[in-house]
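Here is a short report on one protein chain. Look at the sequence and the model first, then read on.

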Amino acid sequence: MTTSTGQAGDRTAVEADLLAFLEERTKRRWEPGTDLFRSGAVSSLFAMELVVHLEKSFDVTITGPDLVLDNFRTVDAMTSLVGRLATPKV
């Protein structure tokens, strides 16, 4: 499920990758706006798997203030996080 780092800025590709990863790991389909943790199907421990997946798949580093549950609550939130972290620093 590895995506090239060039696609980190492509919101559609990030979203598709995350949905496929979640479906593979949880054996259920997800909507981008569904609260993964409120659904009860995903735990805070699984959030660490999400961090590792995002870092490896999109060549981003998630640290400090970005390591909050709200950044991993929905596919939409994670897609935004990757887009923000993948933006080149000027």
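Start with helix 2, residues 44-58. At 1.5 Å a residue, its 15 residues should span 21 Å, and its end C-alpha atoms are 21 Å apart, which agrees. The expected span is 1.5 Å times one less than the number of residues. Helices here are DSSP runs (H or I, at least four residues) and strands are E runs of at least two, numbered from the N terminus.

This is a predicted model: local features need pLDDT of at least 70, side-chain atom pairs count only at pLDDT 80 or more, and totals for chains, interfaces and linings use all residues. Residues are numbered from 1 along each chain as its sequence is written, and side-chain values use heavy atoms, with hydrogens and water left out.

**The chain as a whole**

The protein chain has 3 helices and 0 strands. Along the sequence the pattern reads α-α-α. Of the 90 residues in the chain, 40% are buried. Buried means under 20% relative accessible area, exposed over 50%, and partly exposed in between (1.4 Å probe, protein chains only). Take the contacts in the chain with a separation of 6 or more: 53% of them join residues 24 or more positions apart. A contact means heavy atoms within 4.5 Å.

**Helix 2 and helix 3**

Which residues of helix 2 are buried? They are Phe46, Ala47, Leu50, Val51, His53, Leu54, Ser57 and Phe58. These buried residues pack against helix 1 (11-26) and helix 3 (75-86).

Helix 3 passes the length check as well. Its 12 residues should span 16 Å at 1.5 Å a residue, and the end C-alpha atoms are 16 Å apart, which agrees. Val75, Ala77, Met78, Thr79, Leu81, Val82 and Leu85 are buried in helix 3. Those buried residues pack against helix 1 and helix 2.

An α-helix has 3.6 residues a turn, so residues three or four places apart point the same way.

| Pair | Angle | Axis distance |
|---|---|---|
| Helix 1 and helix 2 | about 140° | 12 Å apart |
| Helix 1 and helix 3 | roughly 130° | within 9 Å |

Axes are lines fitted to C-alpha atoms, for helices over the stretch in contact, and angles run from 0 to 180 degrees between N-to-C directions. Angles under 35 degrees count as roughly parallel, over 145 as roughly antiparallel, 65 to 115 as roughly perpendicular, and the rest as oblique. Helix 1 and helix 2 are therefore oblique to each other. Their crossing is right-handed. A crossing is right-handed if the near helix is turned clockwise from the far one by less than a right angle, and left-handed if anticlockwise.

Now the residues. From helix 1 come Val14, Asp17, Leu18, Phe21, Leu22 and Arg25; from helix 2 come Phe46, Glu49, Leu50, His53, Leu54, Ser57 and Phe58. This contact has 8 nonpolar, 2 polar and 3 charged residues. Ala, Val, Leu, Ile, Met, Phe, Trp, Tyr, Cys and Pro count as nonpolar, Asp, Glu, Lys and Arg as charged, and the others, Gly among them, as polar.

Helix 1 and helix 3 are therefore oblique to each other. The crossing of helix 1 and helix 3 is right-handed. Here Arg11, Val14, Glu15, Leu18, Leu19 and Leu22 in helix 1 meet Val75, Asp76, Met78, Thr79, Ser80 and Val82 in helix 3. By class, this contact divides into 7 nonpolar, 2 polar and 3 charged residues.

**Two residues inside**

Valine 14 is found in helix 1. Is valine 14 buried or exposed? At 1% relative accessibility, valine 14 counts as buried. Valine 14 and valine 82 are 68 residues apart in sequence, and their C-alpha atoms are 7.8 Å apart in space.

Threonine 79 sits in helix 3. At 3% relative accessibility, threonine 79 counts as buried. Neighbours within four places in sequence aside, threonine 79 is in contact with Arg11, Val14, Glu15 and Leu18.

**Two residues in loops**

Most residues other than glycine have a negative phi, and most peptide bonds are trans. Lysine 27 is not a glycine, yet has a positive phi of about 60°. Lysine 27 lies in the loop between helix 1 and helix 2. At 69% relative accessibility, lysine 27 counts as exposed.

Aspartate 59 follows helix 2. Aspartate 59 is not a glycine either, and has a positive phi of about 50°. The loop between helix 2 and helix 3 holds aspartate 59. Aspartate 59 is exposed, with a relative accessible area of 58%.
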